[in-house]
Amino acid sequence: MNDQQQVPQKPTAAFIGASWVALLLGMGTYLVGLFNSSMELNEKGYYFTVLMFGLFAAVSLQKTVRDRAEGLPVTNLYYGVAWFAVVLSLALLAIGLWNAGSMTLSEKGFYGIGFAMSLFASVAVQKNVRDLAQFRAEDEEEAPAAPAPVRFEEPRGD
């Protein structure tokens with residue numbers, strides 16, 4: 001059994017960029033599709049709220065799981081609520097799409113894929129943000145202290 005703790009590696013610029021592109025692409029296509037749809041405004045609001053709730057839930061769950069893995073205290077109640085929120089957001093989208101009689105199957109698939117891509121990408125972006133913050137803090141701790149500024153005084157003409 002390997003008892004060594006794994007040290008996270010700093011995310012590469014390519015992974016950071018791909019994560020942000022996936023998040024913006026997933027959210028953008030979902031929201032553009034929603035804006036251009038012929039749904040009633042209350043339906044659009046429902047799908048928008050489900051997306052925002054899902055993004056928050058996914059990021060919260062990722063943070064909770066990571067905190068536990070790093071030995072930071074997380075209550076079982078919050079851990080359970082985070083999982084419940086992710087499952088609930090997925091269920092709300094699935095129920096909404098299932099009951100959307102005015103949508104074609106391709107439209108339902110479009111929203112499902114946009115939603116899934118957005119949730120996955122939000123987890124990746126959150127991981128990158130957290131990893132970069134950790135490396136930035138470590139770099140600041142290791143950086144040598146800046147020398148005190150040298151003050152020059154002009155000679156007096158006494």
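Okay, let's start with a pair of helices: the axes of helix α1 (residues 13–36) and α2 come within 10 Å of each other and cross at roughly 165°. That angle makes α1 roughly antiparallel to α2, and α1 passes α2 in a left-handed crossing. On the α1 side, the contact is made by L23, M27, Y30, L31, L34 and F35. On the α2 side, K44, Y47, F48, L51, M52 and L55 make it.

Before I go on, this is a predicted model, where local features need pLDDT of at least 70 and side-chain atom pairs count only at pLDDT 80 or more, while totals for chains, interfaces and linings use all residues. Residues are numbered from 1 along each chain as its sequence is written, and side-chain values use heavy atoms, with hydrogens and water left out.

Some terms, quickly. Axes are lines fitted to C-alpha atoms, for helices over the stretch in contact, and the angles run from 0 to 180 degrees between N-to-C directions. Angles under 35 degrees count as roughly parallel, over 145 as roughly antiparallel, 65 to 115 as roughly perpendicular, and the rest as oblique. A crossing is left-handed if the near helix is turned anticlockwise from the far one by less than a right angle, and right-handed if clockwise. Contact means heavy atoms within 4.5 Å.

Now the overall picture. How many helices and strands does the protein have? Four helices and zero strands, in the order α-α-α-α along the sequence. Those are DSSP runs, numbered from the N terminus: helices are H or I over at least four residues, strands are E over at least two.

Of the 158 residues in the protein, 32% are buried. Buried here is under 20% relative accessible area, exposed is over 50%, and partly exposed is in between (1.4 Å probe, protein chains only). The protein exposes about 11,300 Å², with 66% of that supplied by carbon and sulfur atoms. Those areas come from the Shrake-Rupley method with a 1.4 Å probe, and for residues only the protein chains shown count as cover. If you take contacts between residues at least 6 apart in sequence, 73% of them join residues at least 24 apart.

What does UniProt say? The unreviewed entry places the feature "transmembrane region" at residues 12–33, 45–65, 77–98 and 110–126. Positions are in the numbering used here, feature names are shortened, and annotations like this may be inferred rather than shown by experiment. In the model, residues 45–65 are 100% helix and 0% strand, and the end C-alpha atoms lie 30 Å apart. Residues 77–98 are also 100% helix and 0% strand, with 31 Å between the end C-alpha atoms.

Next pair along: helix α2 (residues 41–69) and helix α3 (residues 76–98). Their axes come within 8 Å and cross at roughly 150°. So α2 is roughly antiparallel to α3, and this crossing is left-handed. V87 is in helix α3, and at 49% relative accessibility it counts as partly exposed. V87 and A58 are 29 residues apart in sequence but 9.5 Å apart in space, C-alpha to C-alpha.

Apart from neighbours within four places in sequence, R66 is in contact with K127, R130, D131 and Q134.

Q134 is found in helix α4 and is partly exposed, with a relative accessible area of 27%. Q134 and K10 are 124 residues apart in sequence, yet their C-alpha atoms are 9.0 Å apart in space.

Q126 also sits in helix α4 (residues 105–142). Q126 is buried, at 18% relative accessible area. Which residues does Q126 touch, not counting those up to four places away in sequence? V59, Q62 and K63.

Last one, back on helix α1: that's where W20 lies. W20 is partly exposed, with a relative accessible area of 39%. The C-alpha atoms of W20 and N128 are separated by 9.7 Å, and the two residues are 108 apart along the chain. That's it from me.
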